[in-house]
Every structure is written in structure tokens, then in C-alpha cells.
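This note is for a colleague opening the structure for the first time. Please keep the sequence and the model in view while reading the points below.

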Amino acid sequence: MSKILQDLNPQQQEAVKAVDGPVIVFAGAGTGKTRTLTSRIAYMISERKIPPKQILAITFTKKATNEMRERIFKLVGPNAGEVFISTIHAFCASVLRKFIGLIGYKQNFEIIDDEDSVRVLTEIYKERNFDRKAFSPKAAHNIISAYKNGVMPIGGIVNTLFEAYQEYLFDHNLADFDDLLLLVNKLFTLHKEVLEFYQERFRYILVDEFQDTNMTQYEIIKTLGQKYQNVFVVGDDDQSIYSFRGAVVDNMYAFMKDFDNVILVKLTQNYRSSNALLLGANTLIANNVLREKKNLFSTVKGELSDVVVTESQYHEDEVRFVVNEIAYLIRGGVDPNKIAVLYRNNVVSRNFELAFVEARIPYLIYGGFSYLKRREIKDAISYLKFLLEPNNIFHFKRIINQPSRGIGEKTVEKITERCQMYQQSIFEAIDWLHANNPSNKTSALIEFKQLIEKLQKALEQMSLVDFFDYMLEQTGYLEMLAQEDFFESNRVENLEEFKSILYRFEATYGREGLSKKEILHMGFDEILLDETLSVDDKGKGGAVLSTVHSAKGLEFDYVFVVALEEGLFPALREDSDIEEERRVAYVAFTRAKKKIYLSCATTRLIYGRIVRNPKSRFLTEYLMGRKEQEKPEILKTEKLHSDESLRDFHVSDRIYHSTFGYGLVIAVDETTIQVLFERDKSIRKIKKDHPTLRKTLEE
DNA sequence: TATTCAGTCTTTTTT
DNA sequence: AGACTGAATA
Ligand SMILES: Nc1ncnc2c1ncn2[C@@H]1O[C@H](COP(=O)(O)OP(=O)(O)OP(=O)(O)O)[C@@H](O)[C@H]1O
């Protein structure tokens, strides 16, 4: 048997070997879906001699893309580089980069992120005097995006807004994230030649996390696969957590109908977690009605104490407990990269981040604010893009008064007016204004123009990295930051960090003899769709702080699921779907390999208000599968002794044990202690190194 | 145009 | 609590 198949079970092998024709792997968490998909690609290349160039693999995140490429590389070597692995968005961007001209956009179209979209909408609001109070531009963006993703219909004023928005994007040659998908779909529908080009190019298509594809994505995958029918998708209906973005689990069933002779493979053995952990996850998800019944099993038994339940009085206690516990694990030799703190809401990450810094525990944050979305980074990128395209009004508006040059809304309006009415370029308009109606404003504009021209020349003569410094200095951007609060000082650091990205651009694309302009264009395309890009990413890593959504597909030895309270997790808004909330919990709980900590706080500060929420139903549901006497005693974190980590027990100390509850130490020897437990008034011998044994404070 | 200050609203989740 | 807005003032 080939070495690729060796590490797979018979069902997984079946999925790997069925190279031709449509296949769906429908299976629960940790059953090796991704591993099967990866092995299948390796198998196709090394056993079936399929040219790697013909393979397209769609992952859910950029992180998953990188991971998959690495894994395939390990199996088949450098050939892996030729497989087209990407997120659907990045794939669409590459299609459009080639063919978007056919549907009226210019080839150098730009991809904009949410923040840019909101900017555009804000402008439209002002132009057309829309009422901000009815709903904010931000809300409008959410609605429009939901509409574009097929989540909700729109009408009336929102439709007007939507049309104005699309018109603006088209006129400015911009595409938002949703457009990437929609435009490709349009391209494939209107231009069969393009579709055929890609059908021939990618004869084998594989899709991970299929349960979270939306209608447009599915349409794209379906049409691409129509000709050769070699479409392989893997998914888990219980892990569909992106319905807010238009994901439709029913695509899994649609797939089985739309393609002929689909091979259905089910996997039931979970290789990630022990049965002790699986029991909870299985019981929890069984509360959902809308699902395929599955029963995952593991061959590893696990310990009752692998599930730790804690309750803290205040959220500060929760943070302190989690951070102490992680510090303890790391001291005990656990690799920080194998520890994760997962939460439903980004808000709670802040407290943890601060505590990690204080405790000097290295950490990484997934999800949350992307590095590229920071103001200073976006400004810098806008400067660079404007240098390449000095007639780009979009970037002009962003940078013209950054730092302040005394140019406000009114002046910008005058310029755009002339550009539109007389078909002038921005610089021509500036010259005209200065010649015909000179003022200190127009002088400032001329100065700006000269600055840009000077920078354009300099760019040709310097390395990108040196130029970047020069640019920040010449534009006065650095000085502007220096004058802001010192509190903002890490903006400067972020900009410093950006130089390493530029350095990479130059190293990757520089030697092919490309111009600076081309290098930057290619580089920006590469990073733009990479949400995971962050400042601390390339360091040695550390414990992971992540939303549950961003942790999908990942696994960690130790997982802390925090803020498990009604209203937060599950979120209880009028439009929330409790089954989806439960799936989010299921995803969270199934990330753990060795041990899981479920944590909630009685009292929490949110929006300056003190809220007291009961502990999450998911916590209860998770434990429901256990016999009464096997349910863990809840650890009240505020009772913990501050130096409990020393595990140095003495007679008359108070302790906590996950199975037996709280108790009093009555005798100590080398390796064990004797404890009188409060709950059942019995005396037990406990090993000192029992994993959940903790010293607590006096009563 | 820039700056300041009081009042308002926020948060689910992300490519 | 903190970010963000809009109106009032310099
Ligand atoms: N046949 C196998 N033998 C040993 N280990 C396996 C096998 N299949 C999968 N695994 C391991 O199980 C873990 C989970 O695999 P994988 O991430 O592929 O599962 P998944 O189904 O994609 O999970 P999820 O749906 O939660 O993302 C990984 O650590 C993987 O290496």
C-alpha cells in the first residue's frame, strides 16, 4: 500500500481513492476530513500522476491555505507548489484579475474591505442627503452585504442606496468582498469561453468546510465542476456557523442532487479527542433537531478530570484564573502554541490580552482587528497606491489631509467636480484651481502635487524599504503620529513592521525584473485577502486567543472556552438562531485534544453596565451525558489560593478537586494527601499531582 | 477648516 | 466604558 494511504482508515481511503467523479465526505468534527482531503491531493499527484496544475483546492481561510500547502508539501514535495490552493475569495480575485475587462471593469480594479465600503456609503449618504439616523452607513453596509449574500431581500430606500453604492464601486473600479464572488459568477454566466478556460485548467476541484459555502460560492463550484464532474467536498452540518454570511448547509444536500452518482462517505471515528471530551460534545449537539444524526467515537478513553468547569464571580477572576492556569501549564512544559482561549465575542479578548502581556505569556490573536485594517497601515497603503495611480480619487481622498494640509471636504469637492465635469485628472484640476483662483488652499494642493511627483521619482531609485521610510518622513506622516498621544505610539511600530512586508514583496517578486509598480501590485493582491496577517505572526508564536469562528478547523491540546453565559454564548438577540449558537459551541468544544476548561463569570462589565447572566445552557448540556456522581464540581475561581500553583500542601490547607469538590487536608505524605471532603463528608487519599487538585483560600 | 465638547450608540460571528 | 457623531466655536 502507498505510504499516503497507510495513515488513513478504510473509509478515508475510499474517499481518497475515488478520484474521478463527485464525492462528498459528510462527517463530524475531528474525523479527519481535512486530512482526507489533503491526502487525496497527494494521492492524485503521486499515485495517479495527475498534473498538480489541474487541481484546485478551496479552503475557508488563508491560514488553512498555508497549512494545507505545507501538509501536501510534506507528502509529495515541491510538486505541491503547483496545486492552486486558496480561499474562494482569493481564487475569484485571480480570475477577475485576468478577465474582469470582459464585464466592464478595468483590469487594475481594487478590492476594498469593509471599512472602505462604509466610507463609500458615508460619502453617498452625504451626497444624497440620506438620513443617518434611520440606519448608519455601517448598518447599511451590513444590510447590503447580507442582501448580496442572499441572506435577506431589500427594497425601497435600501435598494436605492444599494444601487448608488454599486454604481460608485463600478465608477471607481472597486470591488468589495461580495463582488468578488458575484462578479465571477456573472463572468462565468456571460462568457462561456472563460468558464471553459477554467474548467479545462482545473479538472479536479476539492472544497474544505463545504457546509459554510453560500449560494454564490456553490454556484461557482458547481459550474466549474460541471464539465469533468471531479468535485470532492467535505463538510459537517454540525459545524455550519456562517449563516450570517449567507452560508447554507443545504448546499450539502444540493450537491448530492445536482451531481450524478455522488459517492457519499461518512466518517465516525474521531482522532482528535478522547471519549471523555467527545461525550460532552455529542450530548450537546444532540439537542439540535435540524441535523444528521452521528455518533462520534474515539479509541482513547480519557479522564473525567479532562473537563474542568469553573465559575468566577467577576470577569477579572475569570481572566486571572485562565492566565494563571496557562502560566502553570507552560511552566510544566506545555508548548504555548498548543493552548487556546476561545470566545464567542471579540469584546472579551481585550481583557485576556492585557493579562497575557502582564503575565509575559507569549500570545497570538486570531480574528479581531486585522493588522491591515489599522488606520496607519491603510493610510500608508493608500499613499503607495496613489503614487502608482495619481489619478485615483479614492486614495486621494484618504491621504490628502493626512497629515492635515488644511484641505477639507469643500476643497476636495471642488477638485472632484472639475475632474468629472471637464474630464481632468486630479493634478490638472489642482493646476487649474491654482491658476484661476489661487489661495493658500491651492498652494497647499500644489505643494502636495509636487511632493507626490518627488516621491514617484524617488520610488524608482530606492529599495521599497528605504523608500517607505523616506515617504513617511517626507509626507510628514511620522511627525503627525509623533504629535498624537504617546499612547498611540505603537502605530509607529506597526509601520516599522510593514517594512518587513515590503521587504518580502521585493524578495519574492523583485528578481523577476518587474517594475516597482508591478511588484507592489502583486504584493498588495497577495496580502489583501489575508485576514490572518498580523504583526506578531512570524514570531515564535504563543498561546492562541481566538473567536470560535476563527478557530474552526484548528485543534489544540488545551482549550479554554470562556464567557459561557446566556446572552453572550449563546448570543440572545431577536434574530439569533439557537441551533446555530449551539453549533458554534460544538465547534469550540471539539477543538480540544487533551483537556477542556469551560468558564463563566457571574458578573461582567459590558458597555459600562454591570450584567449578571446565568451560566450558559451549553455548559449544562455538555455535562448532561455524565452520570450524576461523575459531573465535575464547579471550581469557584475566587476561592483559589494565589500561590496555588506551588502545589505545596500542608495539613489544614483547603483544597478543590474536580470530582469530589472542596475539602480540608488532614494528612500529607511524599506523594499523596488525605482530604476530608465537604460534600459527602468522606475521607479520600488523593495524589498530589492530580491535575485538578488546587489549593483554595480559608473559608 | 480645525477643534472641542456633549450626547449617542455600540457588538455577534468574517472573507 | 469608550468610540463616534454633530453642532458650536475659534
Ligand atoms: N486515520 C487517522 N489516523 C490518525 N490520526 C488521524 C486520522 N485521521 C485524522 N487524524 C487526526 O485527527 C485530527 C483531526 O483531523 P482533521 O483536522 O483532518 O479533522 P476534520 O474532520 O477536518 O476536523 P474538523 O471538522 O473539526 O475541522 C488531526 O490531528 C489528524 O491528524
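In which sense do β17 and strand β21 pair, and over how many bridges? The two strands pair in the antiparallel sense, over three bridges. Here two strands pair if DSSP finds at least two bridges between them, and helices (H or I, at least four residues) and strands (E, at least two) are DSSP runs, numbered from the N terminus.

1. Basis of the note. This is a predicted model, in which local features need pLDDT of at least 70 and side-chain atom pairs count only at pLDDT 80 or more, while totals for chains, interfaces and linings use all residues. Residues are numbered from 1 along each chain as its sequence is written, chains are lettered from A and ligands numbered from 1 in the order in which they are written, and side-chain values use heavy atoms, with hydrogens and water left out.

2. Domains. Chain A is divided into domain 1 (10-94 + 183-269), domain 2 (110-172), domain 3 (277-370 + 538-636), domain 4 (374-519) and domain 5 (653-695). These bounds come from an automatic or database domain assignment. Between the C-alpha centres of domain 2 and domain 3 there are 36 Å.

3. Strand β17 and its partners. β17 covers residues 654-657, and β21 covers residues 694-696. Within this pair, Arg654 stands opposite Thr696. Strand β18 (residues 661-668) is joined to β17 by four bridges, and these two strands also run antiparallel. Tyr656 has Tyr662 of β18 as its bridge partner. Three residues separate β17 from β18, and the two strands form a hairpin.

4. The faces of β17. In a regular strand the side chains alternate between the two faces of the sheet. Both faces of β17 are covered: Arg654 and Tyr656 are buried on one side, Ile655 and His657 on the other. Buried means under 20% relative accessible area, exposed means over 50%, and partly exposed is in between (1.4 Å probe, protein chains only).

5. The ligand shell. Which residues are closest to the ligand? They are Lys33, Thr34, Arg35, Gln239 and Glu555, out of 18 residues that surround the ligand. A residue is near a molecule or strand if one of its heavy atoms lies within 4 Å of it. Helix α3 (residues 33-46) gives the largest share of the shell, three residues. Domain 1 and domain 3 each supply at least three residues. By type, the shell has three nonpolar, nine polar and six charged residues. For this count Ala, Val, Leu, Ile, Met, Phe, Trp, Tyr, Cys and Pro are nonpolar, Asp, Glu, Lys and Arg are charged, and the others, Gly among them, are polar.

6. Polar contacts of the ligand. A polar contact is a pair of N or O atoms within 3.5 Å. A polar side-chain atom of Gln12 lies 2.8 Å from a nitrogen atom of the ligand. Oxygen atoms of the ligand lie 3.0 Å from a backbone N or O atom of Gly30 and 2.8 Å from a polar side-chain atom of Gln239. Of the 640 Å² of accessible area that the ligand has on its own, the protein covers 85%. Accessible areas come from the Shrake-Rupley method with a 1.4 Å probe.

7. DNA. Arg132, Tyr607 and Gly608 surround DNA strand C.

8. Backbone points to check. Most residues other than glycine have a negative phi, and most peptide bonds are trans. A cis peptide bond joins Gln402 and Pro403, with omega about 5 degrees; Pro403 lies in the loop between α17 (393-399) and α18 (409-422). Another cis peptide bond joins Phe569 and Pro570, with omega about 10 degrees; Pro570 is in the loop between β13 (556-561) and α25 (578-589). Asn261 has a positive phi, near 50 degrees, and counts as exposed because its relative accessibility is 72%. Ser652, in the loop between β16 (635-636) and β17, has a positive phi near 80 degrees.

9. Two buried helix residues. Ile88 has its place in helix α5 (residues 88-99) and counts as buried because its relative accessibility is 6%.

Key: Polar contact = N/O pair within 3.5 Å; in protein donor to acceptor, adjacent residues only side chain to side chain.
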